[in-house]
Amino acid sequence: MIRNYIKMAFRSLMKNKGFTVINVLGLALGLATCLLIVFYVFDELSYDRYNEKADRIYRVNDDIKFGGVSNSYAVSPAPLAAAMKADFPEIEQTVRFREKGGSRVKKGNQNIQEDMMIYADPSIFDVFTLPMIDGNPATSLTEPHSVVVTEKIAQKYFNRTNVVGEVLTFNDTAQYKITGVIKDIPQQSHFRFDFFISMPTLGEAKDISWFDSNFNTYILLKSGADSKKLEAKFNDFYKIHAGPQLESILHLNFAKFEQAGNYIRINLIPVKKIHLYSNRVAEFDANGNIDYVYTFSAIAIFILLIACVNFMNLSTARSANRAREVGVRKVLGSARKYLIAQFLTESIMVTLLGALIAVFAAWALLPLFNQMSGKELIITPQIVSWLVPALFIIIIVIGCLAGSYPALFLSGFNPIEVLKGKLASGFKGGLLRSFLVVFQFSISIILIIGTLVIYNQLKFIQNKDLGYNRAHVLSVGNMDALGSSATTFKQEVKQIAGVTDASLAEALPTWNYGNSTSFFKDEIPDPKRALHTQIWGIDEDYINTLGMKVVKGRNFSKDMLTDSSGLIINEAAEKILAYSDPLNQKVYVPKDNLVKNFSAYHIIGVVKDFNFKSLRLNVTPLVFRLNGAKGAFCVRVNSANIPALLAQIKKRWTDLAPNHQFDYSFLDQQFDSLYRSEQRIGTIFIAFTSLAIIIACLGLFGLAVYAAEQRTKEIGIRKILGADMSTIVGMLSKDFIKLVGIAILIGSPIAWWGMKQWLQGFAYRQNIQWWEMALAGLTAVVIAFITISFQSIKAALTNPVNSLRSE
C-alpha cells in the first residue's frame with residue numbers, strides 16, 4: 001500500500017512539473033534560510049556553555065550613580081572577591097581579571113604586537129573550563145611574572161606546545177615565564193584571551209579601594225545555592241565593607257550618600273547570559289543582542305510559513321485539475337482516508353525533496369553567510385546529532401501541515417457534483433487562499449519596512465555630526481614602542497607635506513576608554529556638588545587635529561604655563577556643574593583617598609559635545625587636561641596620494657623604532673567598527689527579506705498560472721469580443737493587487753511599531769519616515785504586479801481559437 005502511495009504520488013508530481021518545481025524550490029529556499037538562521041541562533045545561544053560549571057558561574061556587576069552621572073559597569077572593586085568568599089558560604093570560589101592592554105612580544109629580532117592579554121587570579125582554572133595541555137593549573141599563576149598562553153600562541157612563538165619554562169619578553173624589558181599552555185578558547189566565549197598573566201604581578205597595592213572598579217569579578221556558587229537570595233544580601237554587605245572608606249573620603253555615611261541621590265549597587269549576571277544580555281562599560285568585547293536572536297528566529301518561522309503557505313495555496317488552487325480524479329476514485333470505492341493518505345504522501349515527498357536540496361544549499365551558502373555575519377560557523381558532529389532528527393521531524397510536520405488542508409479539501413469533494421462539473425473552481429471564491437496571500441505579503445511588507453528603517457538608521461549614524469571630524473584622520477598604534485621618542489616622532493610627522501596637524505593624547509573618541517574621576521565645586525567633598533566624569537590627557541594640538549569646536553573660552557596653549565592646571569570641559573559637564581559662566585571657575589580633585597588635600601584646577605574652555613561612546617548612549621561628561629600622555633597618536637592628512645604619505649610616516653617610525661611594527665588605521669574605519677554588528681545585521685536582514693519576497697513571489701506566480709488556466713475560455717471570449725491585452729492583464733491582476741493592498745494596510749502598522757521599538761535602543765536616531773512606508777508598499781505592489789503580469793501577458797497573447805476549440 002505504501003509503495004503504491006509513493007508510486008502514485010511520484011506520477012502525479014511528474015505530471016505537474018511546474019507545480020512541483022515551484023513547491024520544491026519554495027520549500028528548499030525556506031528551509032535553507034531557516035537552517036542558516038538556526039545555525040546563527042544556536043551559535044549565539046551556545047556562548048560560555050563549554051564551561052562544565054556554567055550553571056553556577058556568575059559575574060559581579062557594579063551600578064553607580066554619583067555626581068549626576070549613572071553608569072553600569074562590568075567591573076567591580078579589587079577587594080570585593082576576597083570579601084565575598086569570606087562572608088558568603090554559598091560561594092565556592094572567586095576569580096578576578098584585570099585589563100592589561102597590549103604589549104609587544106619579542107620573537108627573534110621582531111616585536112609582535114599582541115592585544116589579547118589579561119591579568120588573572122590563580123583560581124581561574126577552578127572556575128572556568130580551560131583545559132591545560134602543559135603545566136600545573138594549581139600553581140601556574142601563583143608567582144609574579146608568570147604567564148599561561150594558549151596553544152595557538154605556543155605554536156606561534158615556539159612551533160610546539162611543550163613550552164613550560166620558556167621566557168617571553170614584553171616591551172623589550174619585562175620577562176615572563178611560561179608556566180602553562182591551555183587549549184585555544186572556543187569562539188563561543190565572552191572572553192578569548194591568549195595571554196593570562198598572574199595577578200601577583202600587579203602587587204598588593206592594587207587591592208585597597210572599594211571605590212575603584214577595575215576588576216572583572218566572577219563567582220562560582222556551590223551546588224544548590226540560590227543566586228537571588230545571595231544577591232539580596234549584597235546591599236548590606238557592601239555598606240559594611242565600603243562604609244568606612246566612604247566616611248574617610250566624603251565624610252558621610254551611606255544613608256546621607258543615598259539621600260543626595262547617589263547609589264552603588266552590585267548584582268549578578270549568569271555567565272551564560274553575558275553575551276546576549278549584557279552591554280555594560282568595560283565588557284571584554286562587544287556582545288550580541290537577544291533582540292536580534294528573537295528577530296531572526298521570527299524571520300525563520302515567517303519564511304518557513306510563507307513556503308508552507310505557497311504549498312497550500314497551489315495545492316488548493318489546482319483542485320479543479322484533480323477534482324475529476326478524486327471523483328472517479330470515490331466512485332470506484334476509494335475511502336476518504338486513503339485519499340488523504342495519498343495527498344499527504346505527495347506533500348511529504350515534496351517536503352523531503354525540498355529538505356534535501358535545502359541541506360546542500362545551506363552547506364554551500366554557509367561560507368557566504370559567515371562572511372555576512374562575521375561568524376565562523378561550521379557543521380560539527382554536535383550539530384549533525386540534532387540536525388538529522390530535527391530535519392526528520394520538520395519533514396513530517398511541514399509535510400502534514402502544508403498538505404493537511406489540500407488533503408482534507410480535495411478528499412471531501414462530492415463525487416456526483418464533481419463528475420457533473422458543478423465544482424466551483426479558480427481563484428475567485430478562494431477565501432483561504434486570499435487570506436494566505438495577504439498573510440504572505442504582510443510578512444514581506446514588515447520585512448521590507450524593517451530593512452529600509454535599519455538601512456536609514458545606519459546611514460544616519462554614518463553621516464551624523466559627531467562633534468568632531470573623523471574624515472582623513474590617521475591613528476597610529478603601538479605608541480609605547482617609541483617611548484621618549486614619541487614627541488620627536490610627532491614633530492617629524494608634522495613636517496611632512498600633506499600633514500595638516502598631529503597630536504599625542506591619552507585616548508581617541510573611537511576608543512572604549514574609561515579613565516574617570518570626581519571633581520568637587522568646593523574643597524569639601526559634597527556629593528551634591530560633585531561632577532563624576534571621564535578625564536583624558538591631551539596636548540595643545542588635539543582639538544584642532546580632530547576638528548572639535550571650542551564654544552566658550554580657548555584651547556590649550558604651550559605658551560601658557562598656567563594651562564598645566566587648566567581644564568577644558570564638554571557641554572554635558574558644563575550642564576551638571578551649572579555655573580552661569582564656567583570660565584575661570586575652580587574645581588577640586590582629592591589628592592588621596594583621605595580627601596584632606598585637594599588639587600585645584602581652573603576651567604579655561606568648553607568644547608562642543610562630541611560622541612565618544614556608542615550612539616546608543618547620550619553624551620556624558622568629559623574633561624580634557626594638558627599632560628604628556630602618549631598612548632594615542634592621530635594625524636590629520638590632506639593629500640591625494642595617501643600611500644606615499646603613509647610611506648613617509650612609516651619611514652619616520654622605522655628610523656625611531658626599527659624593530660617594532662608600524663600599525664595604523666583611519667579614524668572613520670575605527671568608527672565604522674563600532675557599528676559593525678548593526679551593519680552585519682542590516683546585511684543579513686536585506687538578504688533574508690529578499691529571500692522571503694522571492695518565496696512569496698513563487699507562490700504568487702503559481703497562483704497566477706492556475707488562475708489564468710481556470711479562465712482560459714473566458715479570456716478567449718473576451719478577446720474575440722474585442723478586449724485588448726491591457727484589459728486582460730488588468731482583469732487577471734486586479735484580484736491579486738487588491739490582496740497586496742490589504743497586506744500593506746495590515747503589515748505597515750505592525751512594522752512601524754516593531755521598528756519604533758528597535759530605534760528606542762539608540763539615543764541618536766532618525767524617526768521612521770512616511771516615505772519608507774510608502775516605498776515598501778510600492779515595492780510590494782510592483783513586485784507582485786511584475787510576477788503576475790508575466791503569466792497574464794502570456795495568457796493575453798494566447799490565440800483565442802486554441803482556447804475555444806473544444807467548444
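Helices (H or I, at least four residues) and strands (E, at least two) are DSSP runs, numbered from the N terminus. The structure is a predicted model, in which local features need pLDDT of at least 70 and side-chain atom pairs count only at pLDDT 80 or more, while totals for chains, interfaces and linings use all residues. Residues are numbered from 1 along each chain as its sequence is written, and side-chain values use heavy atoms, with hydrogens and water left out.

The protein contains 25 helices and 25 strands. Its C-alpha atoms fill a box of roughly 105 × 60 × 55 Å along the principal axes. Of its 807 residues, 50% count as buried, where buried means under 20% relative accessible area, exposed over 50%, and partly exposed in between (1.4 Å probe, protein chains only). The accessible surface comes to about 36,800 Å², and 57% of this belongs to carbon and sulfur atoms; accessible areas come from the Shrake-Rupley method with a 1.4 Å probe, and for residues only the protein chains shown count as cover. Among contacts (heavy atoms within 4.5 Å) with a separation of 6 or more, 79% are between residues 24 or more positions apart.

Two residues that are not glycine were found with a positive phi. Most residues other than glycine have a negative phi. Alanine 578 has a positive phi of about 60 degrees and lies in the loop between helix H18 (571-577) and strand S21 (586-590). Alanine 578 counts as exposed because its relative accessibility is 57%. Histidine 472 also has a positive phi of about 60 degrees; its loop runs between helix H15 (431-463) and strand S15 (473-476). At 52% relative accessibility, histidine 472 is likewise exposed.

Buried positions were examined in several helices. In helix H16 (residues 486-494), the buried residues are Ala486, Phe489, Lys490 and Val493. Seen down the axis of H16, these residues fall within an arc of 100 degrees, so they line one face of the helix; the arc is that of the directions from the helix axis to the C-beta atoms. An α-helix has 3.6 residues a turn, so residues three or four places apart point the same way. The cover over the buried residues of H16 includes strand S16 (499-505), strand S24 (632-637) and helix H19 (642-656).

Threonine 33, in helix H2 (residues 17-45), is buried, with a relative accessible area of 2%. Its side chain reaches the backbone oxygen of leucine 29 at 2.8 Å. Not counting residues up to four places away in sequence, threonine 33 touches Ile303, Phe688 and Leu691. Valine 127 belongs to helix H4 (residues 124-127) and is buried at 1% relative accessibility.

Valine 397, in helix H13 (residues 381-411), is partly exposed, with a relative accessible area of 39%. The C-alpha atoms of valine 397 and isoleucine 496 are separated by 70 Å, and the two residues are 99 apart along the chain.

Leucine 775 lies in helix H24 (residues 770-796) and is partly exposed at 35% relative accessibility. Trp770, Trp771, Leu775, Leu778, Val782 and Ile786 form a nonpolar surface patch, with about 640 Å² of accessible area together. Patches are made of residues with over 30% relative accessible area and no salt bridge, like charges being joined within 9 Å and nonpolar side chains (Val, Leu, Ile, Met, Phe, Trp, Tyr) within 5 Å. A salt bridge is a side-chain nitrogen of Lys or Arg within 4 Å of a carboxyl oxygen of Asp or Glu.

Conventions:
A polar contact is a pair of N or O atoms within 3.5 Å; within protein, one must be able to donate a hydrogen and the other to accept it, and residues adjacent in sequence count only if both atoms are side-chain atoms.
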